[in-house]
Amino acid sequence: NLSGNVFSSLMNGLFSELLALKALHFNTDSLICDCNLKWVLQWARNASVRIAEETVCAYPSALQGLSFRNLKENQLICAGPLELPLFELIPSQKQVVFHGDRLPFQCTATYVDNTTQVHWYHAGRLMETDEERGVFVEDSIIHDCCLITRELILSSIDIDATGDWECLVNNSYGNSTKKVEIVVLETAAPYCPAERVINNKGDFRWPKTLAGITAYHPCLQYSFNSIAFHHGTEESKAWRKCNRTGRWDEENYSQCPYSQEITQVLHAFSQMHINLTTVLEFSRQLTAYTRGASHFADKMDVIYLAYIMEKLIVFVDEVEDIGDALIEIASNVMLVDDHVLWMAQKEDRACTRIVRCVEHIASQILTSNIRVISKVSHNIALEAFMIKPSSFTGMTCTAFQKISANSDKSSVHDLGSWEANHPPDQHLHFKCNTGNLNGSLVNSSTRNAVAVASVHLPQSVFSQSSAWQSVDNSTCKLQFIVFRNGKLFPSTGNSSNLADDGKRRTVATPAVFAKIDGCSFGNLSSPLTIGLRHFARGIDPIAAFWDFDLLDGHGGWWGEGCHIVSSTGNITTIQSTHFSNFAVLMDFKTVLSFPQYPGEFLHPVVYACTAVMLLCLFASIITYIVHHSTIRISRKGWHMLLNFCFHTALTFAVFAGGINRIKYPIICQAVSICL
């Protein structure tokens, strides 16, 4: 009975001298049933020796648990993969040592047959003894024909020893490896300071960490965690590397869930599989969710929406309502804070991708059966047509926003008042007329609607184009898009040489897009005419178009090929010799503007509180004057106290009496100089 001993195989002829042997037990936890044990079956059959039923195979996994005596000889084969009953590395955990330290390693594995070998590797190189570097690789030692061990000794560890050290065991079956990481520190190694990092994954407090070490921090858990961030039972962690100079270097928070529920929901949306069956319901749910886009505070919210819109755009020509959903989603994105949109554009060109999706809607929907499409939303309107160049007589499209019937029509003509008096709670929509007449935006507004932009495409745009070739029945796709403002066109790079002059100018009008697909154009011989209504005061206006290729593909405003024709009140007319997105940029920063006149009087509470304060201050002044001899205070302190009370009272009195007197700025300036 050899059971319980440590062996994995039996030498051929081991029992040939035991002529009286009748029963044999050799069950072990590491028994390998392979071709090296085939002789045992032959010997037991010839010598009439009974092999115990409890002698079962431990390896390979295909024979695990099977009784050895019931096996056929053809089941005992020597083939890969290599499975080792014992394979251990001592030490097996990551080692952090100082330069010059001594560190021994032992690699021990099951000795399967005489082809078994053990080797050490570092950074992909086979290691051999190198006394100058302090590396000693001992010869392999075989223990009782069962185990093989090979030792590695690093007698004086150098910085180059940092990295993975690998023990490789190989034989005729194949090979198997185990690794251990070594981090070598300088004797006077610096530390990365303790640091608090707040990002969209939460609030992380990183401890003081030794240079060269990677610090780990468990992810913060939230009650609303999305299922998309759960990774089974393994705890998710963020990590951060402290480099050798004592500075925080690489970091990774990708396994952690987002701290904001909105971002987690949008991430979950982005991971959903969409097909023709589910796309309509998916788009409706996403549209409903983005109506709260004004609360989106993370750049990833916009980036995920851009990614989802790119997934949805492929279904536009197959599912009728997807185009409406895309326009509505893009319109809702324009409710997001400007800085969040700027960060999303800088990070992943998210705004550009959203605009591109909106521009591609018409080209995919318009066909010989669908010749006109019209999409409306709060912040974006789209109008597109299939047109025949041979019969084109020109077209003017005007974008309107409805206003309440009892609004003061005259206020429409006041500079910037249409946006202030009529907030964007009404849909934008187009009204298009054919013909070569260019209607003025000044006279386009009605009692119930204010015209915010117009585009005129002259008849001659086709007749004089040398690059255009057609026959009588050829068709082109003409589309117009108006964006309520320029929020989807943030300039993220160094734009000092562009139209916005290093962000000194900003978009002061709606942005209008015009394009013809299906016909080849160079520069237009007859320019587009675009009328734009300002929504804010400004100076130094310039006509510009959005060039998607500027600033390494992040885009920017450029003035080439377009110019201002006229400017009347709050309406500017520009012309361009090419198609693109157009707007008027102005300088808002240097404009001295006053708020709307508040009225003759402030709230009564202001006067009441001012009166009480003046009463208290003058009571203090009179008390200190009348009882000067009684109150024990220095002369200097007495003067300082009276001056303070007097000037405080004067401040309150001037504020209450003059803060709303702004009709005459010169008087305000004179009073301020006197004070």
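Biologist: Where is the place of proline 91?

Modeller: Please bear in mind that the model is predicted. Proline 91 has its place in the loop between S3 and S4. The peptide bond that joins isoleucine 90 to proline 91 is cis, with omega at about -5°. Another cis bond runs from tyrosine 59 to proline 60, and its omega is near -5°. Proline 60 also lies in a loop, the one between strand S2 (50-51) and strand S3 (87-90).

Cysteine 167 stands opposite lysine 178 in S12. For residues 85-183, an unreviewed UniProt entry lists "domain: Ig-like". The chain over residues 85-183 is 56% strand and 0% helix, and its end C-alpha atoms are 30 Å apart.

Strand S18 (residues 237-242) runs antiparallel to S19, and 3 bridges join the two. Cysteine 242 has tryptophan 248, in S19, as its bridge partner.

Let us now turn to the helices. Two packed helices are described by the angle between their axes and by the distance between those axes. For helix H6 (residues 338-348) and helix H7 (residues 350-365), the axes cross at roughly 90° and come within 6 Å. That angle makes H6 roughly perpendicular to H7. On the H6 side, Leu341, Ala344, Gln345 and Asp348 meet Ala350, Cys351, Thr352 and Arg353 of H7. By class, this contact of H6 with H7 has 4 nonpolar, 2 polar and 2 charged residues.

Further along, helix H11 (residues 604-626) packs with helix H12 (residues 635-658) at an angle of about 160°, and the axes are 10 Å apart. H11 is therefore roughly antiparallel to H12, since angles over 145 degrees are counted in that way. The crossing of H11 and H12 is left-handed. Among the residues of H11 that make the contact are Tyr607, Met613, Phe618 and Tyr624, while H12 contributes residues including Trp638, Cys645, Phe652 and Ala656. The contact of H11 with H12 has 17 nonpolar, 3 polar and no charged residues.

The UniProt record, an unreviewed entry, places the feature "transmembrane region" at residues 605-626 and 638-659. Over residues 605-626 the chain is 100% helix, and the end C-alpha atoms are 31 Å apart. Over residues 638-659 it is 95% helix, and there the end C-alpha atoms are 31 Å apart.

One backbone detail remains. Leucine 551 has a positive phi of about 50°, although it is not a glycine. This leucine 551 is found in helix H10 (residues 550-553).

Methods: Residues are numbered from 1 along each chain as its sequence is written. This is a predicted model: local features need pLDDT of at least 70, side-chain atom pairs count only at pLDDT 80 or more; totals for chains, interfaces and linings use all residues. Side-chain values use heavy atoms; hydrogens and water are left out. Axes are lines fitted to C-alpha atoms, for helices over the stretch in contact, and angles run from 0 to 180 degrees between N-to-C directions. Helices (H or I, at least four residues) and strands (E, at least two) are DSSP runs, numbered from the N terminus. Angles under 35 degrees count as roughly parallel, over 145 as roughly antiparallel, 65 to 115 as roughly perpendicular and the rest as oblique. A crossing is left-handed if the near helix is turned anticlockwise from the far one by less than a right angle, and right-handed if clockwise. Contact means heavy atoms within 4.5 Å. Ala, Val, Leu, Ile, Met, Phe, Trp, Tyr, Cys and Pro count as nonpolar, Asp, Glu, Lys and Arg as charged, and the others, Gly among them, as polar. UniProt positions are given in the numbering used here, feature names are shortened, and annotations may be inferred rather than shown by experiment. Two strands pair if DSSP finds at least two bridges between them.
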